[in-house]
Amino acid sequence: MLLRFVTCSCRHACLGVSWMRSSPWRTAIHTQKVACRTFSNRTFRPMKALSANMALLKEEAMDKLLGPDGIPLDIYLLRQTNVIWKFDDENSLKKWEVSTDKEIGGKSEASISLGKSGRTLLFQGSLNTEPARDGKVRYSGYSTLRSKRVKGSFGKSKHYDWSPFNVLHLRVRGDGRPLMVFIIVENFFSLHDDDLYNYFIYTRGGPYWQDVKIPFSKFFLSSRGRIQDAQSAMWLDKVNGLGITMGDQVSGPFKFEIDFIGIAIDPAHSEHFAYELYGKAK
Amino acid sequence: MGSFQWISRSLIPRASAFLASVPSLSGSFPRLVHITPTANLWQKDDVKKAVAMTHKLPGKREDAKSKEDSEDNGAALSVYDMAFRRAGSGPRGRTKSTFSQVVDSFCEQDIRRHGHVEFIYAALRCIPMFGLKRDLSVYHSLLKVFPKEVFVPVNFIQRMFNHYARQQECALAVLEQMEHNGVWPTRETKDILVQVFGNKCHPIKKLHRILYWFPKFRHANPFPVPDPLPTDPLAVSSLALNRIANDLDARVTIYQSGSDAIDVNEDKQVVPHIVGIQSPDQREELSRHDVNKPLYVDGPERVWLRDTPIAYYILRGDVIPADRKNEHVDPERSLYYPLELDLDLERDLGDDLSFHVEDVPEGPVFAMCVAGDADQATLARWITGLQEDNPVLTQMPIIFRMTEHDFLESEQSDGEMGQEQQLASDQEPEHDSKQRGSTYSGEARAKTCSESGEYQLDSQDGYAEFDKFSGREWRRERAKVWPNHTSPFMVTRVVPPEDPICPTLLARVACSTSSNRDCSSSTSSPSLFDVQHQVEELKIAL
Amino acid sequence: MLARRAASLLVGGTRSSRRSFWCVTGHVPCWLYPATDHSLSCSRLLRTGSVSTIYAKDLFQGELNKEEVFPFPEISNDELDELNQLVAPVEKFFNEEVDSANIDAEAKIPRELLQRLGELGLFGMQVPVEYGGLGLSNTMYARLGECISMDASISVTLAAHQAIGLKGILIAGTEEQKQKYLPKLSSGEQIAAFCLTEPGSGSDAASIKTGATLSEDGKNFLLNGTKVWISNGGIADVFTVFARTTVPDAQGQSTDKITAFIVERAFGGITSGKPEDKMGIRGSNTCEVNFENTPVPVENVIGNVGGGFKIAMNILNTGRFSMGSLCAAMIRRLIAMSAEYACTRKQFNKRLGDFGMIQEKFAVMAMQAYVMESMAYLTAGMLDRPGMPDCSVEAAMVKVFSSEGAWVCVSEALQVLGGLGFMKTYPYERYLRDARILSIFEGTNEILRMFIALQGVQHSGKIMTNRVKEMKRGDVALVFGTLFKKMKDSVVSTVDLGLTGKDGVTHPSLENSAKKLEENVYNFGNAVYIVLHRFGKTIVDEQLVLKRLADVATNCFAMTAVVSRASRAISIGLRNHDHEVLLANTFCSQIYFKNNYLMSELQKHAPENMDANIQKIAFDVLNQRQYLCSSPLERTF
């Protein structure tokens, strides 16, 4: 395990911790420029940043008067469903970011746009499973759509609290290819920075919308692309984001449309966690 | 430490001896053998020399004029790769038996199995070339290359310190390739691994992981695709259409016309088909559709059945405005109990399980079809066939909205959508279907389809081999094999001329969800429909 | 013959005392309904609208209208004598001349038998005397129904003829129509049938396809269409047919509405299909009836053109209550027959009747019979009150309870006989097959539960709307008041709806049962309130909830009937009144716990509430249209 000091392009020296796992069969190691998170590439405008942050702070204060999370208490307590992401206008696209295996030298492409009706998110592109020729990468061919972290005032990180709910509900329209949906959960140790809770979405294809309902108990823990042995249920009280990956090892174009992503309470679902653990063999 | 020298000391002479022993090898040795047997391969300079001499730089097209060229030049990562390639280029070609022969001869020629790790890695690289990715016995044979009981730790210190780490890594690589290709290990796998590495090794742990997670997700797919896909194009089209129809009552119909028979050879006639699907609900909705509003034929859209894309076309209508959908319930509807209560109370939020999102405004879908290489004329043929069950179609105007991009490329590379074309009875369709068929060579295609059973090119030789084409060119080559964006599921049927099928203009063969027609899957017709024929027979009114 | 004479005696004109009620509680004799002198006797002008809500609908508010049900309705001594005189020949006829086994085997009722039934006057029991019928009250009709229930095929034939077949003419027909058709129908010369059901339309009136178009000369309607499963379809001469006609509505646009027609077979164009081969009631003729350009004179329209829907609803709602007495009589007979067997057959040196499980069966049968009788006669009594009350909900409750109870009891009686009960030599299997149709015809039980629950919820919903809205708005005083009341209820249950105590209407021996009834009714009112709060008008879609509401209401009505009847029995000292009180108390205790369980299932977060699971299972199964689980022998690897 190596600790490295990394300097970013600005004057500030940031400590970048990268844990290289001692797994000789690693799938892909990509060198990443550690971006300085404090300041962007633009010129730093202190007063403008301050006023923006004060506005956010005011909004947060007003929301607290209304109720938890800015929602009136009776709705907050009684609601059985909640729509987290809708795609009504261009601003909603800004909450999402797309990445492909071009980071590791692959040739897949992907992009997002609003669908034909202007009410959906269209995630499309093409996968190319040919790995980069750097001797280290063995598998390639993926593209990911991930929600951006929500920031509060003064860079405070905001989390979603999904604890009353137990089912993830997406209305999607795929083209028959399977995808993986993952949830990024807030962690305490930076060791767990690459931890994701994953599950599969199998699309039917065709012109009809598909309702995908995945109980949160079905999500399994993975880190850096590897399923972990020590599994545990996801903690829903501090969720940072959600993402969808296309990587079914088939080269070719794909198209995936999302109408909305929401969470719901399924009263018939009582499972806490779907994967049983076994003790170590003696 | 010790294992390093153990491998290096004995690698070269063993390797050269091994090469000589493989039967189908030619006499010349690869240039690798220029390094003297006594030299230590792991010295820096020698390594550089070896690299310079033996390896070619990737991606340069002038080096790779032909496959045979590259093979003889010895462009390989190791000696063992070459051995496999030599075996594969023999008279029997790349089959399981030639592969097994190489493995067996390695095992036989040295009881200590010197160089086995490198050999196994080379074999793993060559497995895709031989088309044995999903064969469990091949992986077992590779695991059996490990000498038995040598690597089993005998005391607690050995158990602590990752005994024979390189070998364990190699076995893990074998298991990982099995996992990647979806091959399920069995008891025999475990037995072999236990004999080789003992009970508590990393490969056994990985085996346990595979056998824990694989069964959990085996039936996770609510829309499973049969593995392997059926070869009959009709079955595959039916499969695709039933999948996307989302209705258990939908029925697949095959439209064909005897007068469309195309003479391929003297003794063969091909009668092309269109496979369509419609459910009773769709039929009912179509019958209630406003006759003055146009219908649209959209396409081709793509649906994937595991790794095979299939083009389909949709017949749909305009968006229905929202207020029309809410119909007040007639109070004189139910004879026994009221269907609506006259109360001013709404549902409580705690019992409201619906999402407060408006429906995406989209037109209703009335029917879908798979028509292979379809142009407007072909689809018009489909519409005519639909008219039998939906007489109201004869009065409706149909607008064809066909997208013009390369079917196998993603849509984002094309800026524009296809133009809308309204069909007039005397207007020639803009796409000339004959032209599209010109670059096709039918025999080559038939061979590819029937041989491997999977509709994938075999030219991908794995990552050790430098591909001749970049990804883009590979796709182009693929497009060549399936000309003009047709999937091999262009539905045709070979018919002897004495027995013309369907003497009537449009004979419809209704096919249920699970029937498998026994027509041959030879797909050898370049263009489905003669344009002139079509235009005369079209009866779609505006 | 005798019956005719008895009927004519009844018709004397001076007898109007059929409508006097005596209240005997041992305290103060009170005249609830003074004797009426007007000769209502024969012509019953049945109105189509409801006049008073009576009893069942107020249960949904948690209110017990004890004046309606206490005391148990009685008939006068004279009426009782006349009734017995009516009943005797009918019973003799059924005992001696009707061969049920033969009717079942041949799947046909002999023509002579039908003639004899006509002579006994059984074809027009509720038809007023001036039209040739017997003009019986509902109570008497229920009593006669008990005799007729000896043979199920005959009772279904008669019910199809008079309870629905000619009811339309009776309820909404004009004088000319009545004069023309009722005499022949009442004498049995002509038989009536009710034609509503079509292949695509069971309870959905919108999918009725039979159409009637006015001919060019405007004198006839031409009827075209097919009706299926018409009882008496093959032997009937007069049909009440419901068909679609085009009428201009309020805005002037033409819409399709249903109209009721009287159609005679003599009009031509009517063909009946082959009689259906049925599981039970095989003697009754059920077949398909086709109408092909049948000319129906415009005078034969019942009510208005386009007003057929309401007529159909009223006909269907009024014929139901007699099933209670029918089923009760059948169970009485079964008890007698199977008890005979149980007390003679010996195993292990003990009589079957000494074994606990067999004893339980008899107890169940006795209780069920008692309850059915009580409910049926209570409803009949309520219907016989002046003012034509709307007891459709009570009648539906009787039907639901009786049909399901009959099925269970017949099954148990067969079980007592074991293998013998299964053989055709004994009538049990015939009774079982005949009993199966009870929960299907005259409105399937599922639909009737919806009817009961929705009528009740609609009625109480109107009253509770304001209360619910204030609660939702979060009126603090109201919230705290409700909370306090709930806490008080959970600690101290002092529900007093007036059945017991100083001014109570029940006999002290039934005090416990009455208290249980009160508690159930009070909690039921609260449950309905909560349900309205949760679902509002979308409760129409929550069938599982509505089913429970209907079940609780039916059980409460059953308890009321039983308590009322037993109270009267012990007060006036009927024979075996102690046995009646025992039956009443046992039944009430059992049902009290069942009701409590049903009401706890209604709560949203109760562990007993499995509604969401049930719906999820059903959704998964129906999506794939098959059983989903893998075989227990399957492997994944």
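Me: What does the accessible surface of chain C come to, and what percentage of it belongs to carbon and sulfur atoms?

Reply: This is a predicted model. The accessible surface of chain C amounts to about 28,800 Å², and carbon and sulfur atoms account for 55% of that area.

Me: How many helices and strands does chain C have?

Reply: Chain C has 22 helices and ten strands. Its radius of gyration is 26 Å, close to the 26 Å that the globule rule gives for 637 residues, so chain C is as compact as a globular protein of that length. Along the principal axes, the C-alpha trace of chain C spans about 75 × 75 × 65 Å.

Me: Among contacts in chain C between residues at least 6 apart in sequence, what percentage join residues at least 24 apart?

Reply: The figure for chain C is 74%. As for charge, the mean positions of the 66 positive and 68 negative charges of chain C are 3 Å apart.

Me: Which residues of chain C does UniProt list for a domain?

Reply: In an unreviewed entry, UniProt lists residues 306-453 of chain C as "domain: Acyl-CoA dehydrogenase/oxidase C-terminal". Over residues 306-453 of chain C, the chain is 74% helix and 3% strand, with the end C-alpha atoms 28 Å apart.

Me: Is S149(C) buried or exposed?

Reply: Burial requires under 20% relative accessible area. S149(C) has 4% relative accessibility and therefore counts as buried. S149(C) is placed in the loop between α7 (138-148) and α8 (152-165) of chain C. Leaving aside residues up to four places away in sequence, S149(C) touches S155(C), L326(C), A329(C), M330(C) and R333(C).

Me: What is the phi of N576(C)?

Reply: N576(C) has a positive phi of about 60 degrees, although N576(C) is not a glycine. N576(C) is in the loop between α20 (543-572) and α21 (577-602) of chain C, and at 55% relative accessibility N576(C) counts as exposed. N162(B) has a positive phi near 55 degrees, and at 37% relative accessibility N162(B) counts as partly exposed.

Methods: Residues are numbered from 1 along each chain as its sequence is written. Chains are lettered from A and ligands numbered from 1 in the order in which they are written. This is a predicted model: local features need pLDDT of at least 70, side-chain atom pairs count only at pLDDT 80 or more; totals for chains, interfaces and linings use all residues. Side-chain values use heavy atoms; hydrogens and water are left out. Helices (H or I, at least four residues) and strands (E, at least two) are DSSP runs, numbered from the N terminus. The radius of gyration is taken over C-alpha atoms; the globule rule is 2.2 Å times the number of residues to the power 0.38. Contact means heavy atoms within 4.5 Å. Accessible areas come from the Shrake-Rupley method with a 1.4 Å probe; for residues, only the protein chains shown count as cover. Lys and Arg count as positive and Asp and Glu as negative; His and the chain ends are not counted. The place of a charge is taken as NZ of Lys, CZ of Arg, CG of Asp or CD of Glu. UniProt positions are given in the numbering used here, feature names are shortened, and annotations may be inferred rather than shown by experiment. Buried means under 20% relative accessible area, exposed over 50%, partly exposed in between (1.4 Å probe, protein chains only).
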